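The entries below follow the order in which I looked things up.

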Amino acid sequence: MAEMKTFLIETTRTLLTEGKVDHSEVSDDELWDGVLSEIGLDSMRYLQLVMSAEKEYEVDLAEDDITLDLTMRGLAELISA
């Protein structure tokens with residue numbers, strides 16, 4: 001799970017940077033447990049994160065499971081299930 005956490009956090013930070021969202025004050029733990037839609041990811045970058053994770057871990061997540069109130073920890077749990 002540690003490797004997945006690192007991948008998801010790094011990918012999220014890249015997407016936040018691309019979206020010009022200042023995340024320099026946000027800790028990795030805050031990103032990990034924060035609701036993805038509330039940490040600054042717009043819907044397009046949110047989908048990019050999910051698609052990157054699906055590709056990286058060769059999974060197809062159910063659309064019903066991918067909600068705007070999902071945390072990165074929750075996303076990792078969906079991938080691992």
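I looked up the handedness first: helix 1 passes helix 4 in a right-handed crossing, a crossing being right-handed if the near helix is turned clockwise from the far one by less than a right angle, and left-handed if anticlockwise. Helices here are DSSP runs of H or I of at least four residues, numbered from the N terminus.

I noted that this is a predicted model, in which local features need pLDDT of at least 70 and side-chain atom pairs count only at pLDDT 80 or more, while totals for chains, interfaces and linings use all residues. Residues are numbered from 1 along each chain as its sequence is written, and side-chain values use heavy atoms, without hydrogens and water.

I then recorded the contact (heavy atoms within 4.5 Å). Helix 1 contributes M4, L8, I9 and T12, and helix 4 contributes M72, L75, A76, I79 and S80. I sorted these residues into seven nonpolar, two polar and no charged; Ala, Val, Leu, Ile, Met, Phe, Trp, Tyr, Cys and Pro count as nonpolar, Asp, Glu, Lys and Arg as charged, and the others, Gly among them, as polar.

I checked burial next (buried is under 20% relative accessible area, exposed over 50%, partly exposed in between, with a 1.4 Å probe and protein chains only). In helix 4, M72, G74, L75, A76 and I79 are buried. Their cover includes helix 1, helix 2 (28–33) and helix 3 (43–57).

Leaving out residues up to four places away in sequence, S80 touches M1 and M4.

How values were computed
Helices (H or I, at least four residues) and strands (E, at least two) are DSSP runs, numbered from the N terminus.
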